[in-house]
Amino acid sequence: MRIESDLKLGFKDVLIRPKRSTLKSRAQVVLERTYTFLHSRRQWTGVPVIAANMDTVGTFEVARVLARHGMLTAIHKHYSVAQWGEFLAQEDADIYQRIMASTGTSDPDFERLSQILENHPKIEFICIDVANGYAEAFVEFVARVRQSFADKTIVAGNVVTGEMVEELLLSGADIVKVGIGPGSVCTTRVKTGVGYPQLSAVIECADAAHGLGGRIISDGGCVCAGDVAKAFGGGADFVMLGGMFAGHDESGGQLVERGGQQYKLFYGMSSSTAMEKHAGGVAEYRSSEGKTVEVPYRGPIEESVKDILGGLRSACTYVGAGALRELTKRTTFIRVAEQENPVYS
């Protein structure tokens with residue numbers, strides 16, 4: 001046993017210090033990024049915000065809206081091969097740059113992924129998603145997918161330390177997903193005692209990834225547009241959102257009414273709700289590591305998208321960044337004991 005005494009920070013622990021700016025309007029800020037990926041060598045241009053691959057968030061309906069804004073959706077892995085065909089038959093060619101095909105690491109998962117990619121070879125992104133990216137079997141699966149799909153851009157996670165980011169990149173990942181326990185419906189930290197404050201994880205993992213020419217996604221922990229800006233300021237190349245995209249018309253989850261108010265169900269993919277829905281229940285050897293909550297119904301997702309992108313543009317103007325790619329270099333974090341005035345919260 002050992003103790004690391006260095007302070008680790010989450011988004012709630014900091015604010016971004018403002019700096020002089022020559023920008024005259026938020027409208028001048030360019031949010032699009034262009035990346036060429038380490039192994040696939042594909043070039044991608046877009047707004048690097050991703051809807052999470054949860055069945056209440058990563059839906060085909062969400063993907064249609066986000067694609068119009070140049071954003072990405074990690075489509076959840078529980079759609080059938082036939083449903084994929086029906087969706088893509090209705091879309092134009094640009095959609096292939098705006099979606100990720102998600103998979104777990106079982107043999108049936110690999111077979112299903114292979115069939116989707118065989119039927120739809122224009123799909124560019126694969127998202128290999130597990131709760132614990134530290135298993136040797138996970139690294140081997142990433143290498144297997146890279147060998148099988150050499151021209152695809154592979155996302156792999158989740159991890160929170162630089163050495164594991166490096167191992168996944170060297171094993172074939174182009175982008176590593178960073179975050180253990182920060183999600184709004186994740187209980188991993190409570191059930192296991194394992195985790196890492198998200199901002200520090202992003203800063204440290206970005207440093208490791210960029211040294212090898214790889215990229216990272218900050219996955220989890222954002223509760224407002226300001227947190228998205230902090231994630232980018234900390235060095236994230238992409239930011240993945242779950243709870244901020246839940247509760248909308250296009251989101252999954254049952255619509256319920258209580259006391260005259262409407263809500264939509266939102267749950268973690270390791271929750272008992274998700275496992276009962278997709279795996280026949282919680283296995284005897286494990287526990288549920290996710291919550292099921294009722295999110296106030298928010299209407300169309302379009303307005304939430306505009307709010308997030310507007311907040312990002314505003315953050316850039318406060319530090320003089322004319323483009324999102326400049327935000328990290330223009331960011332100075334200050335540690336704080338408060339975020340906002342709570343008197344009317």
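1. Two strands are taken to pair if DSSP finds at least two bridges between them. In this predicted model, strand S10 (residues 215-219) and strand S11 (residues 238-241) run parallel and are joined by three bridges, so they qualify as a pair under that criterion. Within this pairing, Asp219 has Met240 of S11 as its bridge partner.

2. The S10 and S11 strands belong to a barrel. Eight strands close into it in the order S4-S5-S6-S7-S8-S9-S10-S11, with parallel pairing. On average, neighbouring strands of this sheet are turned by 25 degrees against each other, direction ignored. Helix H8 (residues 225-233) lies across strand S4 (49-51), S10 and S11. Relative to S11, helix H8 runs at about 145 degrees.

3. A separate point concerns the open sheet. Three strands form it in the order S12-S13-S14, and their pairing is antiparallel. Strand S12 (255-258) and strand S14 (292-296) are the edge strands, each pairing on one side only. From one strand to the next, the twist averages 45 degrees. Strand S13 (residues 261-267) is joined to S14 by five bridges, and the bridge partner of Tyr263 in S14 is Pro296.

4. Cys186 deserves attention on account of its annotation. The unreviewed UniProt entry marks Cys186 as "active site", and such annotations may be inferred rather than shown by experiment. In the model, Cys186 is found in the loop between strand S9 (175-178) and helix H6 (188-192). Its relative accessibility is 25%, so Cys186 counts as partly exposed. Not counting residues up to four places away in sequence, Cys186 touches Gly181, Glu289 and Gly290.

5. Helix H3 (residues 107-119) comprises 13 residues. From its first C-alpha to its last, H3 reaches 18 Å, close to the 18 Å expected at 1.5 Å a residue. Which residues of H3 are buried? They are Asp109, Phe110, Arg112, Leu113, Ile116 and Leu117. These residues cover an arc of only 165 degrees around the axis, and therefore lie on the same side of H3. Pro108, Glu111 and Glu118, on the other side of H3, are exposed. The cover over the buried residues of H3 includes helix H2 (81-89), strand S6 (99-103), strand S7 (125-129) and helix H4 (136-148).

6. Leu199 lies in helix H7 (residues 198-212). Is Leu199 buried or exposed? Its relative accessible area is 1%, and because buried means under 20%, Leu199 is buried. Leaving aside neighbours within four places in sequence, the contacts of Leu199 are Leu9, Gly10, Phe11, Val14, Lys230, Gly234 and Phe333. The C-alpha atoms of Leu199 and Asp237 are separated by 13 Å, and these residues are 38 residues apart along the chain.

Methods:
Residues are numbered from 1 along each chain as its sequence is written. This is a predicted model: local features need pLDDT of at least 70, side-chain atom pairs count only at pLDDT 80 or more; totals for chains, interfaces and linings use all residues. Side-chain values use heavy atoms; hydrogens and water are left out. Helices (H or I, at least four residues) and strands (E, at least two) are DSSP runs, numbered from the N terminus. Axes are lines fitted to C-alpha atoms, for helices over the stretch in contact, and angles run from 0 to 180 degrees between N-to-C directions. Buried means under 20% relative accessible area, exposed over 50%, partly exposed in between (1.4 Å probe, protein chains only). Contact means heavy atoms within 4.5 Å. The expected span of a helix is 1.5 Å times one less than its number of residues. The arc is that of the directions from the helix axis to the C-beta atoms.
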